[in-house]
Amino acid sequence: NSFCTLLTTVAHTMSAASKPAQRRVILSTSGGKDSSYTLLQLRSGKGGPCAVVGAVSTASEAFGRTSTHGTRKELVEAQCAAMGVPLATVNIAASPTTGTSETSPATATTTTVDSYMRQFVEGAVTLAAHDQVRASHVAFGDLFLADLRHTREEALQRWGAAPGGSKAPLLEPMFPLWFGREEDSAAVRTARSQQLARAIIDSGIVAVVIAVDATLFDDPSGTGGAAGSPKSRSGWGPPGGGTAGPECLLGRVYDEELLRDLPPWADPCGENGEFQTFVVDGPDALFPFPRRLVDDESDEHDAKDAGDAGGGRAGGGRALPAGVVDGAVPVRLGERVRRGDTWYVDVTLFDPSSHEDPASPLRRPADMTTVPRTVFISASKLVHTYKDDDRAEVMDDAVFFFGSKRAWVFPETPEERRESLRQPTRYLEFPEEFKQLILAKERQGLVAWLKPECSYKRVSKFFEGLGYRPLCLDKAFWCETFDARRDGQFVRSGEAVWRNIALGEHDYGATMELVYQSNPELLRPVL
């Protein structure tokens, strides 16, 4: 899901604002609690009126994990989609002198600070300059690390200049959660961090611990308190009074109980790298487009200790599979592994359609999105009508689902060109303006090509990625349940739709029926 696929949701989430936003802000995020709480604060208007118009994240180019938390980038994409914030992911290339490593997700790309920050700033500037973003500020969730703040500010000054040689940075940094002061003692800083931690918890944010410093339980005084020691010099001991290591915190929800189980030398917010989190749920102001597995009939989300207790529980008391945590972004907690000085739990998006129990109540809610779209089915038809007034009115939000092969329109090799010339449609003669329209739609993530895979399962995933229900690919529905005489819009029999699916064909009527019946009133297929 590219950030452009969500641009239309920004207007929806901003519609309640009674005054024009004075600042347009993009959020720096890795999916953790601090960036989520930053977004919540910005949306509340604290610190002055502003509009959050996008988010930027960094990920290892080689392994697809965020550069700071080691989170899979598809998790951050799903989170931003549920938040209604268009996301741009900057793929960080590794330093040629140090290479890359998948053994430590959080350091999936090993690169110099200068190289990393330059790539981040250039990606943020590109997003900020987009016509539908036009951001003036970038917000960070930093708390008190002065060196890190200075590095960000300096990077924006060096590489964030506006086009045309201006010395003024295109993007101004914001630090809405900042409370670091040089004169503060360690005790004062800890107290402030404790206060912020409770504010995050009280806001309703549900964050799961996904990484923890393997030395967290080691007493910095050097006298007791290491993993395997029941108590430290300060009198603190591991949770439960036993000899557990810090990996026992993995999979736990960031709440008051977890704060009590942290050693006294740990920062309550984990600002020094003691632990990392991923936010799976929160208030409606944070997640206006949640993708919960089961409708929640209460305000409680019993997701505690999902990694240990065998799974969170969704609304209505329905048990979820082991390791699954329900929320605005449903996830599965997998294997724990130690890499270097860090313990990780592997976190993946939970797909209810892959659950082994076909009778499971887990399903995607029918109202994942309420954004209607026109779906253009035929490139060969659209090329003649895309400039028509009635088409222009819906083109911005429209989806293209073509039965042809992309290489027929955009051949890259002589063989692809020859193959295109063998087709009955003269794809190579498409006007350049129409080709540019297709490319622009592709950058927004709004184009699906059926060939060469001819897989409707893949196309179904495409529509799910846009927030719609999956395509109905059930043979029994089309051949037994579906009454074409009563409900059909484009075909006279459901068997025609099933044949189209089974053979991977793109008969116009059958394809349009499939799209329409899968998301009636939301997806409007036309030629």
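Reader: Which ring does the charged end of Lys441 sit over?
Author: The ring of Phe400, with the charged end of Lys441 5.9 Å from its centre. Bear in mind that this is a predicted model.

Reader: And what does Arg189 lie over?
Author: Arg189 lies over the face of Phe144, 5.0 Å from the ring centre.

Reader: Switching to ring pairs. How many aromatic pairs does a search of the whole structure find?
Author: The search finds 18 aromatic pairs. One of them is Phe402 with Trp449, an edge-to-face pair with 5.5 Å centre to centre and 70° between the planes.

Reader: Where in the chain are Phe402 and Trp449?
Author: Phe402 is in strand 12, residues 399-405, and Trp449 is in strand 13, residues 447-451. The two are 47 residues apart, so the pair links distant parts of the chain.

Reader: Trp449: buried or exposed?
Author: Buried, because its relative accessibility is 8% and the cut-off for buried is under 20%. Phe402 is buried too, with a relative accessible area of 0%.

Reader: What about Phe462 and Phe463, why is that pair edge-to-face?
Author: Their planes are at 75°, and over 60 counts as edge-to-face. The ring centres of Phe462 and Phe463 are 5.1 Å apart.

Reader: Are those two buried or exposed?
Author: Phe463 is buried at 0% relative accessible area. Phe462 has 16% relative accessibility, which also counts as buried.

Reader: Last one. Which residues do ring pairs link into a cluster?
Author: Tyr386, Trp408, Tyr427, Phe430 and Phe434.

How values were computed. Residues numbered from 1 in each chain as written. Predicted model: local features only at pLDDT ≥ 70, side-chain atom pairs only at ≥ 80, totals over all residues. Heavy atoms only, no water. Phe/Tyr/Trp six-rings, centres within 6.5 Å; stacked < 30°, edge-to-face > 60°. Helix = DSSP H or I, 4+ residues; strand = E, 2+ residues; numbered from the N terminus. Buried < 20%, exposed > 50% of the residue type's maximum accessible area, 1.4 Å probe, protein only. Lys NZ or Arg CZ within 6 Å of the ring centre and 35° of its normal.
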